[in-house]
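This briefing concerns the salt bridges of one protein model. Please view the sequence and structure below before reading the points that follow.

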Amino acid sequence: MTTADIAYELAEVNIARLKFPLDSPELKDFVDALDPVNADADAADGFVWRLQSDDGDATDIQVFGDEWLIINMSVWRDANALTAYMYQGRHREMLARRREWFERVEEAMMAMWWVPVGHRPTVAEAESRLLHLRTNGPTPYAFTLRTSFPAQGAEPVALEVPDDLGCPA
């Protein structure tokens, strides 16, 4: 079997540095929206999988050994399915309020990469992709919405992302 014979899905990770503890009044709206936003994702066209603990979200899963970082990781059919979900409905409303809840960080906090159908990425894999993106910029190994690559890693694919939403990287 060659790489051309393998079907791929799009993995994405995004992390955020909390401004306040999860149980603080300042984060109540964010925490209250987790279940509905996750339910929207689960029902979205093209959604495949998301990282979650027994509580149904990933807020208690550590990333980079930092208790102030939270992680969201999911797998989608393709970038179109992911962006269709990200930029509409409740998720878009949450994105618009992200500065209330999360620190502004200069380094890349979101990465995407292609995985073979059925693969479920680990937190260690996501950390590796983020670190690679931070060091090398977008490559087929780890890329962004603004500079993405097809599953076989050929030429970059341009994707329009609203300037007021998404990660700065």
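Arg90 and Asp40 form a salt bridge, with 2.8 Å between the closest N and O atoms; the term denotes a side-chain nitrogen of Lys or Arg within 4 Å of a carboxyl oxygen of Asp or Glu. Because Arg90 belongs to helix α3 (residues 89-96) and Asp40 to helix α1, the pair ties together parts that are 50 residues apart in sequence. The model is predicted: local features need pLDDT of at least 70 and side-chain atom pairs count only at pLDDT 80 or more, while totals for chains, interfaces and linings use all residues. Residues are numbered from 1 along each chain as its sequence is written, and side-chain values use heavy atoms, with hydrogens and water left out.

**Salt bridges overall**
- By this rule, the count is 11 salt bridges.
- Asp29, Arg97 and Glu100 are joined in a network of salt bridges.

**Within helix α1**
- Lys28 and Asp32 form a salt bridge whose closest N and O atoms are 2.5 Å apart.
- Both residues lie in helix α1 (residues 28-43), 4 residues apart, about one turn of the helix; helices are DSSP runs (H or I, at least four residues), numbered from the N terminus.

**Accessibility of the paired residues**
- Arg90 is partly exposed at 39% relative accessibility, and Asp40 is partly exposed at 28%; buried means under 20% relative accessible area, exposed over 50%, and partly exposed in between (1.4 Å probe, protein chains only).
- Asp32, at 43%, is partly exposed, as is Lys28, at 48%.
- Arg50 forms a salt bridge with Asp42, the closest N and O atoms lying 2.8 Å apart; Arg50 is buried at 8%, whereas Asp42 is partly exposed at 37%.

Note on methods
Helices (H or I, at least four residues) and strands (E, at least two) are DSSP runs, numbered from the N terminus.
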